[in-house]
Amino acid sequence: MARTVYIDLSAKLEQWTADTVIAMANGGETVLIIPANVKRAARAWLKEQDHHPRQDTVYVYRLLAGLVALIAGPEIETIDAIVIDDDYPGETPAAAIKNELVPLLKRQRQNFMGRQVVFRRVKGLRADLLARRVFLAKQREGRIVTLQEFQAVWE
């Protein structure tokens, strides 16, 4: 069953002192909660992996790519398209995120293509409502992401 999934974040990743919620919806709902300390540790770990320093925004895009791979990866065989909320608008951020994300997804499904990832507003859709509801603690359900889980996506 091929399907399009929608992914949204509540609390931008670069808000380093706030937990971030990432939600995926359509044909089921999945919620991951990334504690602020895990985000900071993941950013530090990504920086350690680099052989040359990069701009901080690169690590935000890499963090997002890793989280999308973490949330979509277990279901990648049934996913035809991934729509990610356009929190980082413009062609440059979209290309940077795709360049990091697609190789991670190809590890789990070799024929996954970059054109299957698109960025657009998902405000008002189930992923947006779910992420916001969990973030605001009206529904604090979701799996807590650990640094080790995040690192495993990249290894």
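1. Surface. The chain exposes about 7800 Å² in this predicted model. Carbon and sulfur atoms supply 51% of that area.

2. Charge. There are 22 positive and 19 negative side chains. The centres of these two sets lie 2 Å apart.

3. Fold. Five helices and six strands make up the secondary structure listed for the chain. Their order along the sequence is β-β-β-α-α-β-α-β-α-β-α. Along its principal axes, the C-alpha trace spans about 40 × 40 × 30 Å.

4. Take the contacts with a separation of 6 or more: residues 24 or more positions apart account for 67% of them.

5. Main core. The largest nonpolar core has 43 residues. Leu-13, Ile-22, Leu-67, Val-68, Ile-82, Leu-101 and Phe-150 have the most contacts inside it. Helix H2, residues 56–72, gives this core its largest share, 12 residues.

6. A closer look at Ile-22. Which residues does Ile-22 contact, leaving aside its neighbours within four places in sequence? The list holds Ile-7, Asp-8, Leu-9, Thr-30, Val-31, Leu-32, Ile-34, Leu-67, Val-68 and Ile-71. Of these, Leu-67 and Val-68 are also among the residues with the most contacts inside the largest core.

7. Second core. A separate core of seven residues is also present. Its members include Val-21, Ile-33, Leu-130 and Val-134.

Technical notes: Residues are numbered from 1 along each chain as its sequence is written. This is a predicted model: local features need pLDDT of at least 70, side-chain atom pairs count only at pLDDT 80 or more; totals for chains, interfaces and linings use all residues. Side-chain values use heavy atoms; hydrogens and water are left out. Helices (H or I, at least four residues) and strands (E, at least two) are DSSP runs, numbered from the N terminus. Contact means heavy atoms within 4.5 Å. Accessible areas come from the Shrake-Rupley method with a 1.4 Å probe; for residues, only the protein chains shown count as cover. Lys and Arg count as positive and Asp and Glu as negative; His and the chain ends are not counted. The place of a charge is taken as NZ of Lys, CZ of Arg, CG of Asp or CD of Glu. A nonpolar core is a set of buried Ala, Val, Leu, Ile, Met, Phe, Trp, Tyr and Cys residues joined through side-chain atoms within 4.5 Å. Buried means under 20% relative accessible area, exposed over 50%, partly exposed in between (1.4 Å probe, protein chains only).
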